[in-house]
Amino acid sequence: MLRPHHHRRFRIYRLAAGCAFFVVLSIPRISARGELTGEQVFRDQCARCHGNSGEGTKENYPDPLAGDKSVAQLTKYIHESMPDDADEKCSADDAAKVAPYIYDAFYSADARIRNKPARVELSRLTVRQHENAIADIIGSFRPAIEWGTERGLHAEYFNSREPRGDARKIERTDAEVRFDWGQSSPDPEKLDAQEFSVKWQGSVLAPDTGTYEFIVRTEHAVRLYVNNPDVPLIDAWVQSGSDTEQRGELRLLGGRPYALRLEFSRAKLGVKDKEKAKQKKAEFRPNAHTSVSLEWKRPNHTPEVITARFLSTNVAPPLFVLQTRFPPDDRSVGYERGTAISKAWDDATTEAAIETAGYVAEHLKELSGANPNKPADEPILRKFCTLFAEQAFRRPLSDDQVQFFVNHQFEAAPDFATAVKRVVLLVLKSPRFLYREIGGTPGDQFDSAARLSFGLWDSVPDRELMSVAQKGELATREQIVSQLQRMLPDLRTRSKLREFLLIWLKASQPKDLSKDPKVFPDFTADVASDLRTSLELSLDDVLDNPSADFRQLMLSDSFWLNGRLAHVYGAKLPADAPFQKVNFEPDQRAGVLSHPYLLASLAYNDTSSPIHRGVFLTRSVMGRVLRPPATAAAPTPAALNVSLNTRERVALQTQPEACQGCHAMINPLGFTMEHFDAIGRFRDVERNRPVDSTGSYLTQSGQVEKFNGLKDVAAFVAASDESQTAFVKQLFHHAIKQPIFAFGPNELRDLQQRFAKNDLNIHKLLIEIVADSARPADHRQ
Amino acid sequence: MTTYASRREFLKGLGLSTASLPFVLNLPSFAYAGEAPARRQRLIVMFSPNGVIPKNFWPDVVGNEFVLKESLKPLEPLQKQTLILRGLSDKIRGDGDNHMRGIGCLLTGIELFPGNIQGGSDTPAGWSKGISIDQEIKNYLQASATTRTRFGSLEFGVMVPERADTWTRLSYAGPNKPLAPIDDPYQMFAKLYGRQKDQENLRSVLDALQEDFKKLESVVSAQDRQLLEEHTTFVRELEQELKASDARSADHAVPQLEPGIKETNDNMPRLSQLQIELLVSSFAADFARVATLQFTNSVSDARMRWIGVDDGHHHLSHEPDTNEAAQEQLTRINKWYCEQLAFLAKRLADTPEPGGQGSLLDHTLIVWTNELGKGNSHTLENIPFVLVGGGLNFRMGRSLDFKGVPHNRLLLALAHGFGHHLQKFGNPDYCGDGPLNDLT
């Protein structure tokens with residue numbers, strides 16, 4: 001890398017100065033400064049801290065010089081603030097020379113790609129991919145689930161103490177389970193108030209991966225089954241003492257439905273009353289209250305009734321969810337990737353393989369259709385193991401491989417169940433399962449199939465995809481796109497996109513949104529949980545719409561509110577109103593950037609934070625590079641500057657030149673959100689002074705955009721090439737988990753243009769991204 | 001010289017709390033010099049249902065010169081290690097019928113909560129209001145590093161029905177916290193030895209796995225090979241770890257289990273034998289020091305065709321005393337249960353105490369009990385308690401009659417036998433006068 005520049009430097013110098021070579025080396029500062037090149041200025045004035053090629057130096061400035069300022073911005077910045085440890089700054093002339101030099105040599109994105117071409121690196125499955133893959137490999141031996149269009153649960157009401165077919169009096173769909181029958185029954189004509197039972201059945205959709213707590217509240221007997229038709233998660237069929245709340249915890253993978261069955265009995269169980277006593281109607285708690293509700297506590301939420309949008313009347317087959325926990329993936333480059341391994345990770349893969357082998361052995365009959373104790377069933381079991389390995393490796397096994405992975409185990413193991421366990425262990429510990437990019441021959445269609453499924457689902461291909469690859473029908477772009485279109489409506493795709501939007505909005509990680517109760521007494525944990533629901537509903541709106549329009553994200557003037565949120569944010573809804581779309585403050589708000597969840601999460605517990613908001617707009621939305629602050633600074637507490645409002649205080653604190661390098665970009669963006677306080681509520685006045693939410697942004701092409709408030713920013717972002725490019729790049733990395741420039745220096749620009757041409761349709765963008773990634777890998781020898 | 005039942009008691013005697021334990025143990029010249037380590041103590045509670053036939057069960061003579069009646073004949077070879085306690089009564093009343101309270105209050109010594117489960121008479125009830133004595137002792141042993149084991153306690157069952165209600169649960173981890181016994185020997189085997197089997201399987205595929213890595217290293221680029229090479233070092237480490245773990249467990253072989261025994265009524269004798277073998281080997285491996293062995297459930301209607309009894313047990317137990325045929329069959333049923341007890345005791349007696357003196361039985365107390373005194377009257381007076389083994393230093397080889405003492409006092413005595421000097425257990429009204437006297 002260095003050498004060509006040396007040569008060029010010498011050549012340029014000789015041409016310019018016409019002097020002897022030696023003089024250059026010994027006396028760099030020759031008489032006429034104007035004749036120095038940018039590189040010489042850099043060596044002379046900058047390399048001390050930044051290293052000879054801008055790679056950084058340990059002692060002074062360890063980060064490499066890289067970023068996205070334009071040459072003009074760089075020039076201005078260097079002239080005004082460099083070197084930052086001396087009062088005398090770089091002259092305008094020198095800055096004008098050195099800026100284009102570093103821009104071309106290593107600073108700009110183009111230079112970086114040229115200097116160090118990105119490549120598709122061998123990567124292991126990420127944790128999410130590992131969990132999904134194992135669930136789907138086992139799921140491939142079970143029927144698929146149709147989520148269907150009917151929301152709610154199938155309900156049956158029985159005039160008997162336990163659900164019994166011949167006593168069924170009512171059959172209907174209940175949108176949710178939240179009933180209070182007082183001292184009566186759901187239908188006094190058909191059901192005895194002292195002896196009836198109910199069965200609710202269907203599936204529940206887990207939107208995110210994590211631990212879910214299911215809660216049933218009732219005065220009577222209940223049993224709740226989730227993802228396991230045989231073993232209840234909550235067994236309170238024996239109602240004992242005065243407990244009216246039953247809880248059970250379960251880890252679930254996001255984007256998947258789980259079978260759910262709730263059985264309820266308002267009756268005396270155990271030994272039946274004698275017939276004689278029955279005629280007398282032996283009373284059982286005649287005055288007892290009868291109510292039942294089915295709630296859950298989702299990750300990042302407070303307990304709430306499970307609403308219809310998460311329920312289906314269709315019953316899902318069981319899904320195997322690994323309980324083994326993995327160490328978290330490396331996210332240091334902005335997206336999860338699997339380019340590093342550790343002992344802890346390897347141990348987790350062993351645990352996961354053991355856990356899966358145990359599960360397969362336990363369910364062997366159901367999964368394989370064979371009886372492991374019956375010698376005649378051996379061929380069926382071998383076939384099952386071969387299919388298992390093929391699902392896991394994402395390709396058919398050669399005869400040798402069947403011999404190696406399957407037959408050898410059957411020959412060596414003492415019994416069939418042990419043989420199956422060993423095959424599962426060997427397969428799930430094999431690099432063929434654990435690494436995404438280990439495949440077959442270049443151009444192999446099974447590789448493409450796996451790229452499509454990992455791209456859209458973070459999982460292994462389904463049977464259909466494997467069969468298309470087998471038939472050789474995954475060769476052309478059209479064939480690939482047609483498969484992707486088939487895969488797009490799958491709940492797993494939705495889950496992946498939804499997670500992406502939350503990551504993009506910096507809302508994916510658990511966040512403590514709690515606020516100072518003295519300043520915001522209404523802002524309870526339930527309100528924070530509702531706000532998140534509201535944001536999720538907005539995102540679902542965009543993704544549900546076939547146009548999946550990026551601009552809708554930015555410009556929509558409706559928000560999802562319920563009674564509790566309406567009360568806090570000053571909208572007009574009854575206190576108990578369920579979530580509904582409300583045209584809310586359309587003159588002040590537009591799209592997700594003005595969503596109170598986002599504004600509240602980018603704020604302190606009592607005041608707004610223009611810096612957090614500005615950094616979010618700069619980095620996530622505009623995709624600009626910001627370095628961490630050179631010196632850490634605690635924000636000036638509001639109380640110390642009672643005369644200043646937040647904007648003035650932040651402006652004052654970031655005034656020093658050392659700050660302005662970044663804050664010149666951060667502050668004017670962050671200030672545009674100042675009309676919203678620490679919980680994202682609109683305000684006109686702060687500390688008795690009118691709020692000023694004007695701001696600006698200097699684009700990469702050097703244009704200054706002026707804003708008057710957040711709505712202007714939203715309109716700009718919706719139409720800006722820069723924000724679209726940032727969105728494309730982040731979605732690419734989220735979907736593919738490889739650097740976008742490994743797919744060509746023009747890939748990003750090209751995808752952004754296609755995005756714009758496709759009316760900024762996010763679904764189409766995802767399809768373009770994944771289709772592009774399905775090209776043969778370049779890492780193989 | 002005062003003897004201390006445990007190190008904790010010893011330290012208490014010195015006025016030291018357990019918090020100072022590590023410090024004390026670091027002073028070899030102090031305390032333990034010359035003293036043998038505290039011996040292991042174990043408890044097994046064995047349950048069988050529906051009462052007994054008193055005239056064929058209780059010895060006529062109190063003291064050590066007693067003769068075993070028909071139901072207890074299988075204990076003859078173990079008579080010197082046997083202690084028969086007559087006259088203990090389950091005084092707990094409240095909600096639930098006698099079968100429910102019989103099993104639910106047997107080891108908890110406290111009432112049932114009001115609930116929705118209706119018995120054959122009385123008011124409906126729920127679960128017990130308290131912890132059971134086996135779990136109390138388990139918690140006590142698990143609290144100290146010197147007596148802590150992998151599981152603490154194991155709950156074995158034989159033909160326990162697949163339903164959770166007051167009649168099927170004997171042990172409680174706390175109020176409203178019934179523990180389900182494991183009655184499938186294969187499930188119990190997996191719990192005890194699954195890990196060792198997993199490691200065995202893992203070890204058996206490691207060579208193949210390493211071969212697979214080698215094959216793949218040649219098809220990836222030089223840059224990517226580095227990652228795979230790093231990965232193979234982890235595989236080699238795994239191999240080393242498995243070897244080390246083998247060496248550690250070499251002194252305890254995994255028992256062989258006859259495969260494919262289904263849980264059916266007629267398989268009960270074989271299931272019983274498998275569970276007893278697993279119980280003995282789990283104690284030999286020191287996986288736990290407390291266990292329950294629950295045969296069927298309260299009100300069980302098992303049909304013991306293998307001893308020529310075709311009628312259901314519960315059904316028979318309701319027959320009046322005048323029905324001689326029923327009396328004889330019920331005696332036979334209890335004798336069969338006693339044979340299970342004798343087999344368990346013999347297997348323990350045949351197994352040397354690991355790292356100690358004598359046999360496992362010398363360091364284990366088995367308590368065989370029942371939810372009723374007598375089936376046809378449903379009485380909770382004279383609950384059967386037959387004790388075998390030397391685990392708690394009780395004076396064995398005797399037959400005693402307490403003439404109506406609350407059974408809570410026996411529960412207290414069991415705790416005290418472990419050095420856990422509880423003042424009260426279960427309902428305090430029945431704990432007056434403390435642990436049963438005359439046992440040690």
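Contact here means heavy atoms within 4.5 Å. By that rule, in this predicted model, the interface draws 47 residues from chain A and 45 residues from chain B.

Start with the area. The size of an interface is often given as the accessible area lost when the parts come together. Between chain A and chain B, about 4,000 Å² is buried. Carbon and sulfur atoms give 59% of that area. On the chain A side, Val238(A), Lys343(A) and Phe404(A) supply 15% of what chain A buries against chain B.

Polar contacts across the interface of chain A and chain B join 19 residue pairs, both residues at pLDDT 80 or more.

Now trace the side of chain A that touches chain B. Elements that each supply at least two residues to this side are β10 (269-270), α9 (343-362), α12 (399-412), α13 (416-429) and α14 (431-434) of chain A. The residues of this side divide into 20 nonpolar, 12 polar and 15 charged.

Finally, look at the strand in that list. β10(A) pairs with strand β3 (residues 112-118) of chain B. The pairing is in the parallel sense, over 2 bridges. For Gly270(A), the bridge partner in β3(B) is Gln118(B).

Terms used. Residues numbered from 1 in each chain as written. Chains lettered and ligands numbered in written order. Predicted model: local features only at pLDDT ≥ 70, side-chain atom pairs only at ≥ 80, totals over all residues. Heavy atoms only, no water. Buried area = accessible area lost by both parts, 1.4 Å probe. Polar contact = N/O pair within 3.5 Å; in protein donor to acceptor, adjacent residues only side chain to side chain. Helix = DSSP H or I, 4+ residues; strand = E, 2+ residues; numbered from the N terminus. Nonpolar A, V, L, I, M, F, W, Y, C, P; charged D, E, K, R; others polar. Pairing = 2+ DSSP bridges.
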